[in-house]
Structures are given as structure tokens and as C-alpha cells.
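Good morning, and thank you for coming.

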Amino acid sequence: MGRDRNKNEYTTQRNQRVVSLQPIYNIAEICAQQGVTNAVVCPGSRCAPLTISFSRHPAFKVRTFSDERSAAFVALGIAQQTKAPVVLICTSGSAAYNFSPAVAEAFYNHVPLIILTADRPKEWINQLDGQTIQQNEIYGRHVKKYFELPADHSHPDAVWYLHRTINEAVLLSQQGQHGPVHINIPLREPLYPKKDETITFSKDLKIITEEKNTPSLSETDWSFVQQQWPSHKKVAVVGGQGVYGVELTSALHISNTIHAVALVGDVISNLHGIETVVRYSDSFLAHSSNEIKESLQPELLITFGRSVISKNLKVFLRKYKPAQHWHIQEAGEVADTFQSLTRIIRCHPAIFFEKLNSLAIESDFEHQKRENFKSLWKAEEHKIERAITQFFTTPQLSEFHFLHEVIQSLPQCNLHLANSMTVRYANFIGLKNEKDKITVYSNRGTSGIDGCTSTAVGHSLESGKLNVLITGDLAFFYDRNAFWHNYDLPNLRIVVLNNHGGVIFGMIDGPGELPEAEEFFITKQKLSAKNLCLEFGLEYARIDTVKKIKNVLKDFFEMDGKPKLIEIDTDSKNSKQVFEQFKQLIRKGYES
Ligand SMILES: Cc1ncc(C[n+]2csc(CCOP(=O)(O)OP(=O)(O)O)c2C)c(N)n1
């Protein structure tokens, strides 16, 4: 094998073909010039030119994880935390498949990922060569776009195409609704540079720029809003999952005050900083009478953001449909979650509500009708608030009580809620408005239990703040490779609600009473997080008495250089019993 150093090209002796890796190395440079600074790399040979170029590029912080499934969720966490795309690299074969769960989550949760999968050149697919599968469009419709790079770059058009594609992919990941893009990269051997070879990055590369515009409320939409507004006195605003800026939260606060809209937001909406937000709709809509529900039926529903947790809110709105439902979303597909959608308004929700607040306040009589509707929602809310206070007054050794205690003690942090009962429990407990420095994250794009810990790890790596993950045992042990790397996580705290199985299946209607429940749904397991803590160097505490509940939390959140984990050891029967008691208490409030 010979090599022309000046041209950075290799010549194989066998066929005298010239293979230049320079265009491949330049991918890192283009990404850097597009403002990307984080890369997550999984080990492998086929991806070596990518691994080497990204790790040697001065603009990149490159981290490595051996388990691709975990790596992709870590990348997702980093992207969410930094609010910027993250490059994700793996070798060919099943490695690429293992990114899939996180890719789907990123797609539905609108997280920008630039996925670079190394591949064999096309002619070697299905030829019984090692580590080769069909990687074209491997993530199906769960990426915003799929790109395939050429394997040969000898013609200048091929290089132009390659450079253009990288630009397009990075821009696309952040255009409109953010999301993952996939670039499959066939690479020919030799894949490795010589030991003393210097990798250089061309500087005069094609860079395509694009201004990120926020669409303003169109004249037509604004006339429509002005015309419709006076005829709807019962207005409910529901915020879906999102991390919203101060502009939106203050505009919502004002709409809630001056226009008396009933503002509803569950725990993943991050609207808890607004004192008058209705956060307990899941509880009161589960038990309130038809008469109450009728009184809560909005004439106009305005929504924004992604999914809501509250099943009862969804069921209620699907049954008690508003006459009009406007959804405010800048770009992308709009879901008709409540089966009532009548108008899509294309602008940022902050712009919409700021504009709405400029509408004149109506006469006292008309305004009072709005206030009455809002008070009905608030009255239900207060009823639940009282029940919650009463329920948690007497300490008990239960995961629900412990979670309540944890949530009350939370300092300023990123709070990560794993899927299954954890995020639901947290929604029932709610975050008070004084917890406005807490930002809630949860993998609700696909609601998988497979990458909750890795996502929290990704956040912890890029955030100076405390990151608190609350998780069930199945979700936790499923994703134990989240700790299988060499990075310190001094700002990570984990609370494991270990009821030794998927307790949710005992609680929801359907599987709980079946003879198959324990074996095939709850899937009992015996593990304790203690061994994992020993293995990965996390400080461990176990709760098995009521007294320990308060004691153990005293210095849990202190930043003293170590990741820490608390495990509460219960069983699924106890968890089910306690949750039933909670529901009963709320139900009782509606019987009297
Ligand atoms: C990847 C994936 N597989 C399966 C499921 C279905 N599922 C939902 S909840 C759950 C059990 C979760 O158990 P655990 O984490 O212990 O939480 P708990 O129900 O006890 O609160 C399972 C298997 C899922 N959501 N995601």
C-alpha cells in the first residue's frame, strides 16, 4: 500500500484505487462551522475515519460509550441540555440498529441529532461480509431525512454532494420542529491513518447558512382570533410537554389573569412556576361527576406543546369537546390529540399569547363570565390540593409517600422522570410554584423505559446543575449501561422506587386481575441497586423504615463530588394498596 502524503490519499496495491479520506474528515469541520460542538462516538473500525476526525477536531467535545443504545440516549440528553444538535457516530451492522430507540424518542420529542453511521460500500451489502446489514433508511420514518453519502469521492461533484449533504442535514435537524437526521456513510479500506499522520481539515469548505425565523402571527389568523374571541367565554388553555422560556410563561400568566383563561398544565409542561396553573386535572377529572365535567367543558380550547400525561384530561376533552380548538405551533405536523382540532395557528406560542393579551378586556359583565369558568377549574384544583395535603400528612413506608417527600425537598435542579408510574406519581403530587427553578424532563416522545437513565446522564454531563432522576426498578435496571463509561457524574442523584416489578401493570385496568399478571406483566425481579452502586462508584442508601425517609434526604442533594443513589425497597402489593388509598380519598371528596 502506497500513500501520497501531500494529497492525503492512499493507494491500495491490489487495485491501485486511490481513496481519499479528506472529504470524510471534513464532515467534522462542516459540523463545527455549523456550530455543533458535541459528539458521541461508539467504538468500531468502519467508523474510524469519523471517530478520529471528530476526536482530533478542536471544536468538539467527544465522548465515547460502548453500548450504542445507551450512547444514543446520552446524546439525546446532551442535545436537550445544550439546546443544540449532537453528532452521534457508530460503526456498521447492528450497532446502527441499537441507536433506534433513542432516534424514535428524538423524533417525537423534537431533539436534533446528527446520526452518522459508517457502512460498507454498496457492492458489499448482502455478500456475507462481516458486520454488514442493510443500513439504508434503517430508522424508517423516525428521522426527518435520510441521506446516503457516496463511497467514492474522486469526482468533484461527489465532494460537492457530500459537503452539501452535511450542511443540509445539520440545518434540517434544527429547522421547524427539531429532530434527528441520518447520514449513512459507506467507507472503503484503509480506514486508519498512519501512526504519525496528521489529520487536517480544509478551511475553504462549502458552508450553507440559514436564518432561523420565528413566524409571526399572520394578519389572517389575528383577524380570526379577534373575531372569534368575544363569542367564547369559557376558554381553557392546555400546555403540553415542553421547556418554555420566560416570554411564554409570563404571557400565559397575564392571559390567565386578565382574560381569565383556565390554564392547565401537568408536570411535564413545566408551567408549574405559574401559581394559578391547574396541575391536578388528572385527579379530579377521574372522579368528578358528569355535572361537574359539563361545567368544565370549554367552548374554546387553546393548546401548545407536545403530549400531556394526564389520561383523564385526554378522555375528558375527547368527550366534552370544545366548539373550537386552536393549536399554536410554529412548524411541523400537528396532532389532533383531543379529536377536536379546528384551527392550526403557525407562530410561537409566546407571540400568540402576547398578542392575545393586547385584546381589550371586556365589560365587567362579560369578563365575569370568563372569571366564573376559571373559578370552576380552580375550585376542583383546591379540592385535590387539600386531599393531597391530608393524604401525605401521616408518614408511611411507601414509594408514593417517599416520592412526595423527595419532591418537597428538591432544590433547584433538572428533574428527570422515568416512564411508568414515576412520571404519573409525580403528576399526581405536582410541583408547587415555588419550585419554579426546577425543569422537568421525561422521555415522553415514545414513553419507553429503555433510556431514561442514559438521558439523565447526558443532561448531567453538560449541565453544571444538579440532575435528579426518579425511576422505577425495571426502567433503572434496563438501562444500567448508562453508567458503563469513564465520565464522572458528581451532579447526578438517582431515586429508585424498587417495587421489584412493573407495578403499573397491577394498577391499570386490564392486566391487574389476570392470572398472567405477575409473571408476564408485572415481571417480578429481585435485584437491588446496591450492587450496581458498588460496581460503578455511586454512594448508596436504602430506605426500609419510615424514619429513614427524612434522614436520608438531609444531605442527598448536597454537591459533594459523588453521584448518589437512594433506593426505597417496597413491593408491588404495597404500592398498589397505597395508591388505591389515595384514589379512594379523592373519590370520597366527590361523594360527600
Ligand atoms: C422499551 C419499553 N419496553 C416496554 C415498555 C412497557 N412498559 C411500560 S411500564 C413498564 C414497567 C416499568 O416498571 P418500573 O420501571 O419498575 O416502574 P413501575 O411500573 O414499577 O413504576 C413496561 C415494561 C416500555 N414502556 N418501554
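Two strands are said to pair if DSSP finds at least two bridges between them. Please keep in mind that this is a predicted model.

With that in hand, let us take strand β7, residues 113–119. Strands β7 and β9, the latter spanning residues 180–186, pair in the parallel sense over seven bridges. Within that pairing, leucine 116 has isoleucine 183 of β9 as its bridge partner. Strand β6, residues 86–90, also runs parallel to β7 and is joined to it by five bridges; here isoleucine 89 has leucine 116 as its partner.

Is β7 buried or exposed? Seven of its seven residues are buried, so the strand is largely enclosed by the rest of the structure. Both faces are covered: Leu113, Ile115, Thr117 and Asp119 lie on one side, with Ile114, Leu116 and Ala118 on the other.

I turn now to a second region. Six strands form an open, parallel sheet in the order β16-β15-β17-β18-β20-β19. Its edge strands, β16 (438–441) and β19 (539–543), each pair on one side only. On average, neighbouring strands of this sheet are turned by 15° against each other, direction ignored.

Inside the sheet, β17 (residues 467–472) and β18 (residues 492–498) pair in the parallel sense over six bridges, and glycine 472 has leucine 497 in β18 as its bridge partner. Helix α16, residues 452–462, lies across β15, β16, β17 and β18, and runs at about 175° to β17.

Technical notes: Residues are numbered from 1 along each chain as its sequence is written. This is a predicted model: local features need pLDDT of at least 70, side-chain atom pairs count only at pLDDT 80 or more; totals for chains, interfaces and linings use all residues. Side-chain values use heavy atoms; hydrogens and water are left out. Helices (H or I, at least four residues) and strands (E, at least two) are DSSP runs, numbered from the N terminus. Axes are lines fitted to C-alpha atoms, for helices over the stretch in contact, and angles run from 0 to 180 degrees between N-to-C directions. Contact means heavy atoms within 4.5 Å. Buried means under 20% relative accessible area, exposed over 50%, partly exposed in between (1.4 Å probe, protein chains only).
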